[in-house]
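Subject: Structure handover

Hello,

Here is the structure I promised to pass on. Please open it first, then read the notes below.

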Amino acid sequence: MKVMQEELLIAIGSQRGKMLVKIWEPEGPSKATVFCIHEFAGSADDFNYLAPILAANGYKVVCPEMIGRGRSAYFGDKKYYVLESYLRTLGVVLEKYYGRVNHLIGSSWGAIIGLVFASVIKMNTGRIILNDPCLQSSGQLDELRATIVDGSSREFASFDDVVSYLQGIYGIDEGFPRERIVEAANGKFIEKKGRWRLAIDPAVVEGVQANIGTDYNVYPHLEKMQVPVLLLFGKHSAYYEKEKMDAIVARNTHITCVSDLDGGHAIPMLTHHTALLV
């Protein structure tokens, strides 16, 4: 397979910047294009485990690194980091790499962005996979927001400290492959002058802090989907609401839910079990 990195020019209001996109090409003709959207404080590298598996099975995999994260542009003002901006940037990515058949995978925050995009933009999607989405605001979500705010201010003396930190905040079970956590940490953190910090624009974090306590509900977007949707939740997920999910699955035959994946809270995309489901 072939692995590439490209940059797309993104325009948000008066701001211009580049967004990194990581691409895995299969050896032969592509069966379909799979667009992968990372979690809130993630990066394109979040899919370094899953993407090669998909590419080896004939899929082109496109993973944008969303604005304000990792190696993509930092716009320096929270007004640029709103839902409309993320939908617009995702639209630029799809316009560039849209294939004959297209699937969408979103993880955590990326699952919400992908779901709303597919619902509002009427994306011509083959299948949608939503990993650990928080479909409605809750106290658990505010805890996650607070964790992001706290994590953005931390500095770590070594990469090993970063890995240990991720193990703790994700509630990862003992015995989970350490190399998968390392893969997740690589794109999320950056090293400067011997110290490791979360690779995120401080303005993104300001927006998170301002949103603590605010409400949203994307269950209506999920309920009206008319393409196959698979929801995946880790066995420790705080976002799985059994009664609501059972009711939605009963009403909409396009929707399937798996709720007991190994691996912890928000990164079951890194397990072999999940790769087989995908």
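Which residue in S6 is the bridge partner of Gly 106? It is Leu 130.

Some ground rules. This is a predicted model, where local features need pLDDT of at least 70, side-chain atom pairs count only at pLDDT 80 or more, and totals for chains, interfaces and linings use all residues. Residues are numbered from 1 along each chain as its sequence is written, and side-chain values use heavy atoms, without hydrogens and water.

Strands first. Helices (H or I, at least four residues) and strands (E, at least two) are DSSP runs, numbered from the N terminus. S5 covers residues 102-107. Four bridges join S5 to S6 (residues 128-131), and the two run parallel. S3 (residues 32-37) also runs parallel to S5, with five bridges. There, Phe 35 stands opposite Leu 104. Strands count as paired if DSSP finds at least two bridges between them.

Asn 102, Leu 104 and Gly 106 point one way. His 103, Ile 105 and Ser 107 point the other way.

Now the helices. H4 (residues 139-152) packs against H7 (residues 202-211) at about 145 degrees, with axes 9 Å apart. Axes are lines fitted to C-alpha atoms over the stretch in contact, and angles run from 0 to 180 degrees between N-to-C directions. In contact (heavy atoms within 4.5 Å) are Asp 142, Arg 145, Val 149 and Ser 152 of H4 with Val 205, Val 208, Gln 209 and Asn 211 of H7.

Best wishes

Conventions: Buried < 20%, exposed > 50% of the residue type's maximum accessible area, 1.4 Å probe, protein only.
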